[in-house]
Amino acid sequence: MPTARRASVLRLDPPPASSSASPSPASPRATPRPVDALDHHFALEVPRVFSEAERATLVAGVRAAKAEWTADFGGEQFSLGRAFYTHLEQGSSRVYFADAAASDARVERHLPGLQRRMRELVAALTGGLAQPRRGFCGPGVHIFPAGEKVAREGGVVHFDTEGLSDYHLARRLRAITVVVMLELPDADGGLKLWDVLYDGRDDPGDEALSARSLVAGYSPGGALVIDSYRLHQIQPFPGDRDRISATVHAAEIDSGRWETWF
């Protein structure tokens, strides 16, 4: 499980430029991709994905849409747009897929352009094409309420492999998770990252948890990018302010072609 990478977060400043062009078939790796830095670092930090004005507008849109939030795990957390992993773990995957189109419509209605911007970020990071995953919900927002379980105890220690196919997992094809912080809690609430990658076991065990680690912080409107196979955990946070973040998962299904979902 240990990976011997640098226990560091690489800051991409300025943020990578987005491109809708496909990489050249003759030399798809001719230009280094920002995402390839995950081979050497625990995470990438991308500042200023959204300006302060954009971030404030998005947070206002999330709060105005409260009646349309999806409650997960008995109200421990919520989302705007349906998240695959919460439905899988609650045995309600059929609801997720049946509501995918309506989920995207809700997100677009309350947060116009968010899904497009998140896919553009994936394209910029990968140097490839970032397309919606057929049948899945597009990028959405997680709301972790102040004072609730995640705020008090932190999130579950996990890998982001739930949405990857057996084919993808067996070949260890590239997959990333991109989280843009829309509203920081009053303090803490960062992301703990371990020097551990997925080896087929969902329960990492005590040895993995004793591996070296770091806690990566967020900046308002900025993103953290991690390898979806990396062990991680949301840290507890005190105070009265919710933790609100936009997320997109992406998997490279062919050279330079990525599918995205939430």
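**Salt bridges and a buried histidine**

Glu 120 comes out as partly exposed, at 31% relative accessibility (the cut-offs being under 20% relative accessible area for buried, over 50% for exposed and in between for partly exposed, with a 1.4 Å probe and protein chains only). The model is a predicted one, so to speak of local features takes a pLDDT of at least 70 and side-chain atom pairs count only at pLDDT 80 or more, while totals for chains, interfaces and linings use all residues. Numbering runs from 1 along each chain as its sequence is written, and side-chain values use heavy atoms, with hydrogens and water left out.

Glu 120 has a salt-bridge partner in Arg 116, with 3.2 Å between the closest N and O atoms; a salt bridge here is a side-chain nitrogen of Lys or Arg within 4 Å of a carboxyl oxygen of Asp or Glu. Both residues belong to helix 5 (residues 114-126), where their spacing of four residues puts about one helical turn between them. Helices (H or I, at least four residues) and strands (E, at least two) are DSSP runs, numbered from the N terminus. Arg 116 is partly exposed too, its relative accessible area being 45%. Elsewhere, shared partners tie Arg 33, Asp 36, Asp 39, Arg 174 and Glu 252 into one salt-bridge network.

Over the whole structure, the search turns up 19 salt bridges. One of them pairs the side chains of Glu 183 and Arg 63, at 2.6 Å from N to O. Glu 183 is buried, at 14% relative accessibility, whereas Arg 63 is partly exposed, at 36% relative accessible area. Arg 106 and Asp 99 also meet through their side chains in a salt bridge, here at 2.7 Å from N to O. Arg 106 and Asp 99 are both buried.

Then there is His 249, which sits in strand 12 (residues 243-254). Neighbours within four places in sequence aside, His 249 is in contact (heavy atoms within 4.5 Å) with Asp 160, Ile 176, Thr 177, Glu 259, Thr 260, Trp 261 and Phe 262.
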